[in-house]
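Subject: Structure handover

Hello,

Here is the structure for you to look through. My notes on it follow below.

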Amino acid sequence: MRTTPSDAKLTNLFLDMLAAEQGAGDNTLDAYRRDLTDFSEFLGRKGQNFAGAGTDALRDYLADLDTRGFKSSSVARRLSAMRHLFRFLLNERIRSDDPAAILSGPKRGRGLPKVLSIADVDRMLTRAKELTLGQNASPQQRLRAMRLYCLLEVLYATGLRVSELVALPLSASRRDARMIVVRGKGNKERLVPLNEASRQAMADYLAAMEALKPENKKNAPSSKWLFPSFGESGHLTRQHFARDLKELAAASGLAPRLVSPHVLRHAFASHLLHNGADLRIVQTLLGHTDISTTQIYTHVVEERLKSLVRDLHPLAEK
């Protein structure tokens, strides 16, 4: 008699497939694991599991998420994880049906991304630069300030995802580099240009980091990361950068709740489009596989087109 694998084992098999066949990154895999673990625990309380749960059990779980106060976007993400899982179980012949196939998700209004103005970003860059010049700061404090300024310059110059930014290799900081190779979602690589301000910020930050090395380690090999952690080995975490960014926002007179690495990525895209960049170019720079993802910025293009017609059309009212 064939033994039914446990939910934990099926989850591991599913995640292994995502990593091997779709190049899913650690953050994606962690999110799937959390969602499926919660789903499995719900089924377990009803004496069911992945291999035997029917459509009604899945509907009950979605209703439970709603009762727990989950946002529609979070419920839709859980449903997506379930759909992928059951499609995998069907393909692997662990199940003979797909109980998630006929489920419909919650209706979601796609909100416009929060965007900082060019003046807001300039205020943050100016304040970050001022912090690097602090007269009473210790060398370590100045280095942290230079790291934050460098992170901000590079993020606004490139529009990288925060996970891509903090994991940049040291090789990205070559002084003559006009472009950097970024490894994004699905392990896909893309070329992203750097501007002079970001290259200079990298050079100043690395020089400060080298100056702080003890004399007996001056010639020792550096970390392979551009932004190594000052604590444990490895690179700076996304969470650490997000906290530093909110502190900088407050110091710049901006509401911290409105500022995050992702908001700055939106600012990069929106400001490019507002100044005439092509939507396809912005799609490539952001690393979006599908143009529909980039089309959340269509409102920026529409506003610019209205402005052009208003200002340039010969019959426009003056």
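The protein chain has an average pLDDT of 84, and 84% of the residues score at least 70. pLDDT is the predictor's confidence in each residue, from 0 to 100. This is a predicted model: local features need pLDDT of at least 70, side-chain atom pairs count only at pLDDT 80 or more, and totals for chains, interfaces and linings use all residues. Residues are numbered from 1 along each chain as its sequence is written, and side-chain values use heavy atoms, with hydrogens and water left out.

Where pLDDT is low, the predicted coordinates should not be read in detail. Helices (H or I, at least four residues) and strands (E, at least two) are DSSP runs, numbered from the N terminus.

Helix 10

Helix 10 covers residues 261-274, and its end C-alpha atoms are 20 Å apart. That agrees with the 20 Å that its 14 residues should span at 1.5 Å a residue. The expected span is 1.5 Å times one less than the number of residues. Of the 14 residues, 11 are buried, so helix 10 is largely enclosed by the rest of the structure. Buried means under 20% relative accessible area, exposed over 50%, and partly exposed in between (1.4 Å probe, protein chains only). Among the buried residues are Pro261, Arg265, His266 and Phe268. Gly276 follows helix 10 and has a positive phi, near 105 degrees.

Annotated positions

The UniProt annotation "active site", from an unreviewed entry, covers Arg161, Lys185, His262, Arg265, His288 and Tyr297. UniProt positions are given in the numbering used here, feature names are shortened, and annotations may be inferred rather than shown by experiment. His262 sits in helix 10. It is partly exposed, with a relative accessible area of 46%. Lys185 lies in the loop between strand 1 (179-183) and strand 2 (189-193). Lys185 is exposed, at 59% relative accessible area. Leaving out residues up to four places away in sequence, Lys185 touches Arg161 and Glu164. Contact means heavy atoms within 4.5 Å.

Thr132

Thr132 belongs to helix 5. It is buried, with a relative accessible area of 4%. A polar atom of the Thr132 side chain lies 2.5 Å from the backbone oxygen of Lys129.

Best wishes

Technical notes: A polar contact is a pair of N or O atoms within 3.5 Å; within protein, one must be able to donate a hydrogen and the other to accept it, and residues adjacent in sequence count only if both atoms are side-chain atoms.
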